[in-house]
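Visitor: I would like to learn how to read the features of a protein model. May we work through one together?

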Amino acid sequence: PSPKTPSRASLPRRSLASIASPGARVPLVLSLLSLITFVACTLTDIGVIVGVSGALLGSAVVYIFPALIYADVASASLVYAIVPLGAFFGILGTYMTLAGN
């Protein structure tokens, strides 16, 4: 007998609400705030901070967040291929900002 492939409805679906629970969010927010505060206190040129945050947040807003929202709404898994592209552009933009100074 061949193994039966489970239907899509029977597979557990990981929602964004479980990822965004307060227990998972607090350590992430505190660590990001600590990192940002440390970097802001050590750098003297605000252009570096603006460039790095623009590179990271820009790629997240343009590539990563829309792909994740669409994948959750439309139940599409192929769109997750765009997330690494957005991460690559964010890393590349950060590198270009730091290499320019």
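Predicted model: local features only at pLDDT ≥ 70, side-chain atom pairs only at ≥ 80, totals over all residues.

Visitor: How is the packing of two helices described?

Guide: Two packed helices are described by the angle between their axes and by the distance between those axes. Here, the axes of α3 and helix α4 (residues 82–99) come within 8 Å and cross at roughly 170°. Angles over 145 degrees count as roughly antiparallel, so α3 is roughly antiparallel to α4.

Visitor: Which residues make the contact between α3 and α4?

Guide: Among them are Val-52, Leu-56 and Tyr-63 of α3, and Ile-82, Phe-89 and Leu-98 of α4. By class, the residues of this contact divide into 14 nonpolar, seven polar and no charged.

Visitor: Is Tyr-70 buried, partly exposed or exposed?

Guide: The partly exposed class lies between under 20% (buried) and over 50% (exposed). Tyr-70 has 48% relative accessibility and therefore counts as partly exposed. Tyr-70 is placed in helix α3. Leaving aside neighbours within four places in sequence, Tyr-70 is in contact with Ser-75, Ala-76 and Val-79.

Visitor: What is the volume of the largest pocket, and which residues are the closest to its centre?

Guide: The volume of the largest pocket is about 420 Å³. There are 13 lining residues, and the closest to the centre are Leu-35, Ile-36, Val-52, Ser-53 and Leu-56.

Visitor: Which helix gives the most to the lining of the largest pocket?

Guide: Helix α3 gives the most, with six residues. Both α2 (22–42) and α3 (46–74) supply at least two residues each. The lining has twelve nonpolar residues, one polar residue and no charged residues.

Notes: Residues numbered from 1 in each chain as written. Heavy atoms only, no water. 1 Å grid on protein atoms, 1.4 Å probe; cavity = no way out; pocket = protein on both sides within 12 Å on 5 of 7 lines; lining within 4 Å. Points joined across faces, edges and corners; volume = space filled by probe spheres on them. Helix = DSSP H or I, 4+ residues; strand = E, 2+ residues; numbered from the N terminus. Nonpolar A, V, L, I, M, F, W, Y, C, P; charged D, E, K, R; others polar. Buried < 20%, exposed > 50% of the residue type's maximum accessible area, 1.4 Å probe, protein only. Contact = heavy atoms within 4.5 Å. Axes fitted to C-alpha atoms, helices over the stretch in contact; angles between N-to-C directions. Parallel < 35°, antiparallel > 145°, perpendicular 65-115°, else oblique.
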